[in-house]
Amino acid sequence: MRNGEGNPARQARTVFSLHIIDSLWNVLGRRAHTLLSGLALSLFAFPAHAALQLCNQTSYILYAAVAEQQSAQIATRGWTRIVPGNCANAVAEPLKAASYFVYARSAHAQGALPRVWGGQFQFCIEDAAFSLSTKVTNSACGNGAYQAAFAPVATNGAPVWTMTFTEQPGFASPDDARAAGLRRLLNDLGYQPALDARSLGNAIGRFRAHMKLPASISPDDLFTALETEAKKGSPEAGYSICNDGDGDIWAALGTKEGTDFVSRGWWQIAAGACSVAINRTLPRDVVYLFASKVGNNHLVTGPASFCVSNTPFDIRGRDRCSERGLSVAGFAATNQKGAKSFVARIGNKGLQP
């Protein structure tokens with residue numbers, strides 16, 4: 001961590017880093033507050049109207065929430081939408097609270113594995129737009145709200161601050177992040193652009209033509225159109241996990257891709273909520289499921305062994321887990337009839353018929 005050159009109130013450059021932390025129960029039953037990947041936070045030049053500006057140098061559309069300590073209360077609000085390569089204002093007024101915290105997640109429309117940026121402080125959020133206030137000493141959330149892991153923002157008393165979300169490996173510039181974000185969404189929609197600029201341009205052209213969008217469409221409007229289309233995903237295709245129990249669950253999937261097996265996790269799913277884990281037509285192969293919750297580390301389990309990690313993971317191969325520094329969990333076989341869509345409903349006692 002490097003803090004340093006000059007007075008933050010005069011917006012001197014300061015670069016430091018946090019880490020993405022996910023709150024989940026691992027297969028040994030411990031609350032895991034371990035590192036997911038890097039989240040870089042940087043102080044840049046501010047527009048005069050921005051007090052807390054969030055910049056997105058990742059390939060995901062991000063939705064961010066902000067928490068601030070106000071005396072004995074924690075106030076949380078969200079969501080601020082930030083497309084790749086852009087910045088957005090999360091707090092408009094000068095920063096005066098004792099402490100600020102941030103949490104961000106990737107758009108629900110993007111890909112099979114949700115990404116989360118945050119830290120070790122648990123505060124209340126809701127899935128829809130929200131503004132909540134809870135006592136510092138009270139960890140319970142109201143109806144429809146659940147806890148998420150926020151990261152602290154060390155503003156050093158500055159009235160304005162800018163943070164930049166990154167992913168690993170990082171992108172050299174906002175333009176590179178924007179291109180990667182477009183490519184990711186286009187790929188999710190089946191346009192499959194290659195890594196070169198010409199292929200990306202051709203894929204954008206095909207999408208514009210299909211949607212009857214003008215050639216002069218702005219990058220922001222293009223992201224909106226892509227996200228809207230990705231959200232439409234046919235309800236008759238894909239793999240969803242629904243939590244019919246009374247507490248948060250953490251789920252992981254195992255699938256066969258080509259000649260190899262791949263395990264992915266974690267999806268954190270609040271009580272009464274569902275998460276789309278795979279948003280495309282399912283292959284005829286079996287999909288394997290593992291789920292845990294507080295007090296039940298093997299809520300859904302089975303005889304099929306896959307490698308897992310305490311942090312969000314995307315692991316190819318299910319052998320030599322311990323040699324690779326990974327744990328082993330038993331997954332249950334689901335969608336055994338090979339339907340193109342499947343909903344796994346998980347209650348307090350496990351997988352429901």
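View 1. Glu93 is partly exposed, at 40% relative accessible area. The model shown is predicted. Arg77 is also partly exposed, with a relative accessible area of 26%. The two side chains meet in a salt bridge, 3.5 Å from N to O. Glu93 sits in the loop between strand 6 (87-91) and strand 7 (99-106), while Arg77 belongs to strand 5 (residues 73-82), so the pair ties together parts 16 residues apart in sequence.

**View 2. Asp244 paired with Arg345.** A salt bridge joins Asp244 and Arg345, whose closest N and O atoms are 2.8 Å apart. This pair links distant parts of the chain, 101 residues apart. Asp244 lies in the loop between strand 13 (238-243) and strand 14 (249-257). Arg345 lies in strand 22 (residues 341-347). Asp244 has a relative accessible area of 35% and is partly exposed. Arg345 is partly exposed too, at 35% relative accessibility.

**View 3. Glu257 paired with Arg316.** Glu257 and Arg316 form a salt bridge, with 3.3 Å between the closest N and O atoms. Glu257 is in strand 14 and Arg316 in strand 20 (residues 313-316). Glu257 is partly exposed, with 24% relative accessible area. Arg316 counts as partly exposed at 47%.

**View 4. A network around Glu257 and Arg316.** Salt bridges link Glu257, Arg264, Asp314 and Arg316 in a network. Across the whole structure, a search finds nine salt bridges.

Key:
Residues are numbered from 1 along each chain as its sequence is written. This is a predicted model: local features need pLDDT of at least 70, side-chain atom pairs count only at pLDDT 80 or more; totals for chains, interfaces and linings use all residues. Side-chain values use heavy atoms; hydrogens and water are left out. A salt bridge is a side-chain nitrogen of Lys or Arg within 4 Å of a carboxyl oxygen of Asp or Glu. Helices (H or I, at least four residues) and strands (E, at least two) are DSSP runs, numbered from the N terminus. Buried means under 20% relative accessible area, exposed over 50%, partly exposed in between (1.4 Å probe, protein chains only).
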